[in-house]
Every structure is written in C-alpha cells, then in structure tokens.
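Subject: Structure handover

Hello,

Here is the structure I promised to pass on. Please open it alongside this note, which goes through the findings in turn.

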Amino acid sequence: MQKLRIRYAKRGRLRFTSHRDFARAFERAVRRAGIPIGFSSGFTPHPKISYANASPTGAASEAEYLEIGMTRPVDAEEVREALDSALPPGLDIVDVVVARPGALADRLEASAWQIALPGVTQEHASAAVAGFLAADEVLIERMMKRGLRTLDCRAAVLHLSAHSSETLSGPCAILEVVVRHDTPSIRPDDVLAGLRSSGGLELEQTPIATRLAQGPLIAEDGTVGDPLAYDRDAS
C-alpha cells in the first residue's frame, strides 16, 4: 500500500484552528477531493491518517506533518493540488511526497520557532535572552492531565536570540528559537514563561509564535533539516 507524507501550514487567523478542528477539515477535504484513502478494518472504520507532533492552538506554522495510506498508487503532486483546493485558505498543503521506509516521527527531532513580541524593544528582549541563556536551568510550571508539573525549559532550548522589527504600531522584538523535542515537548509559551522568570521579560501584548521548521537536528550548526528530504531524494 502506498503511503504519502504531507507538509501543511496554518497561517493567519487559521492559526487558532485546534488539532481536532484541523483533523475534521482535513477528512472533509479528502472526501471532497476524491482521494483514494484507505480505511482501517473493524466495526467503525477510520481513514488511515496519522498526525505527527501538531503545533499548539494559537500558533501559526509552516511545518506541520501527517501521513495518509492509499488504496492505490497516486501522483503526489496531483494529491497536493487537490487537497490544497479543498481546504480553506490559511490551511495550505505545502508538499506531498511518497513515503519511504522509516518512521516520520523519528525524524522530527527539533523545531525552529519565530516569536513576535509586539510592544517589546530589542534591548529588553536581548536582556531577557541573556538571563535565560546564562542559567543552568529554568524551571516553569505547566498544568497537564495529571496535574501541575515542573519542567526545565532551559535544557530543551538549543538556540535563542533576539532582533528587532519595527512596525507601524511601535517596537516589536523577534525571538528566534530552536527547541529539541523532549517528552513532554517544550512549547513557545513555555520559553516565554522561562524568559519571564529568569530574564524579567514583560509582555503587554499577545505574542505571535510561528513554527518555521521541524525535522532532524543538524548537529554541526544546531539548525533544523527537512524531514521529507530522504523521501524526496529516493523518489
């Protein structure tokens, strides 16, 4: 059975789409586009769709991934065009490749995030970053299914820097962050909580986080690679 790996984006207002909402929209798009997707066996068959490390609700993303199992071989580019046309603007299919052996989830080792901080100057953001990076550990608390848990968000952050981007409404600092995928994963709001506790970061407006990439961690320079490169090269 052929398997396709799909990269999709959540942009603009559609960043507020929850994972469950996207799953419903994607299943409708599959039906609307006439994609010959396989179904599980049993009393209540489900379409063969597997999601990998979805971004949190409210975060935009250029690098979300899923896999679908087909009932027959199809052209990957035709599937990309059909699904992209069937989804609303803002939920966009970026790439589709034929899957090769190996688990996609094993290639998603880290994420590169960009976090816009409206109303924050570069000087203030840089000072908070310096305090964060100087710490051996930065403990934050997150409410999870089994209750409140303390996490060290410093250990997962492989790169963190700040620069400025002036807007019509005033200063806006931009954070560039590379985070290793641990269990549980450290999210952008965890990094911001760490910057608040260790570096005194103060926010007056809502930050906007965008995942720019997720994939294999390139040890030489600490960047994030393309998880579909192996599949694409093999094709």
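In which strand is Ser111 found? Ser111 sits in strand β5, which covers residues 110-118. Please keep in mind that this is a predicted model.

Is Ser111 buried or exposed? Ser111 has a relative accessible area of 1%. The cut-off for buried is under 20%, so Ser111 counts as buried. Its side chain is joined to that of His181 by a polar contact of 2.7 Å. His181 is also on the list of residues that Ser111 touches, once residues up to four places away in sequence are set aside. That list also holds Asn53, Val177, Val178, Val179, Arg211, Ala213, Gln214 and Val224.

Gln114 is in strand β5 too. Its relative accessible area is 29%, so Gln114 is partly exposed. Which side chain does the side chain of Gln114 meet in a polar contact? The partner is Glu176, at 3.0 Å. Glu176 is also one of the residues in contact with Gln114 beyond four places in sequence. For a sense of distance, take Gln114 and Glu77. They are 37 residues apart along the chain, and their C-alpha atoms are separated by 29 Å.

**Asn53, a contact of Ser111**

Asn53 is among the residues touched by Ser111. It lies in the loop between β2 and β3. Its phi is positive, at about 55°, although Asn53 is not a glycine. With a relative accessible area of 30%, Asn53 is partly exposed.

**Helix α1**

Helix α1 runs over residues 19-33, 15 residues in total. From first C-alpha to last it reaches 21 Å, close to the 21 Å expected at 1.5 Å a residue. Which residues of α1 are buried? They are Phe22, Ala23, Ala25, Phe26, Ala29 and Val30. Seen down the helix axis, the buried residues of α1 fall within an arc of 165°, so they line one face. Arg20, Arg31 and Arg32 are exposed on the other side of α1.

Beyond its neighbours within four places in sequence, Glu27 is in contact with Pro47 and Ile49. Pro45 is 18 residues from Glu27 in sequence and 13 Å away in space, C-alpha to C-alpha. After α1 comes Gly34, with a positive phi near 70°.

Start with the loop between β9 and α4, where Pro184 has its place. The peptide bond from Thr183 to Pro184 is cis, with omega near -5°.

Helix α4 covers residues 188-199 and has twelve residues. It reaches 16 Å from first C-alpha to last, close to the 16 Å expected at 1.5 Å a residue. Its buried residues are Pro188, Asp190, Val191, Leu192, Gly194 and Leu195. They pack against helix α3 (122-134) and against strands β5, β6 (139-144), β8 (157-164), β9 (172-180) and β10 (208-215). β5 is the strand of Ser111. Gly200 follows α4, and its phi is positive, near 70°.

**The protein as a whole**

How many helices and strands does the protein have? There are five helices and twelve strands. The C-alpha atoms fill a box of roughly 55 × 40 × 35 Å along the principal axes.

Buried residues make up 44% of the 235. Of the contacts between residues at least 6 apart in sequence, 74% join residues at least 24 apart. The protein exposes about 12,200 Å², and carbon and sulfur atoms supply 51% of that area.

Best wishes

Notes: Residues numbered from 1 in each chain as written. Predicted model: local features only at pLDDT ≥ 70, side-chain atom pairs only at ≥ 80, totals over all residues. Heavy atoms only, no water. Helix = DSSP H or I, 4+ residues; strand = E, 2+ residues; numbered from the N terminus. Expected span 1.5 Å × (residues − 1). Buried < 20%, exposed > 50% of the residue type's maximum accessible area, 1.4 Å probe, protein only. Arc of directions from axis to C-beta. Polar contact = N/O pair within 3.5 Å; in protein donor to acceptor, adjacent residues only side chain to side chain. Contact = heavy atoms within 4.5 Å. Areas by Shrake-Rupley, 256 points an atom, 1.4 Å probe, with all protein chains shown as cover.
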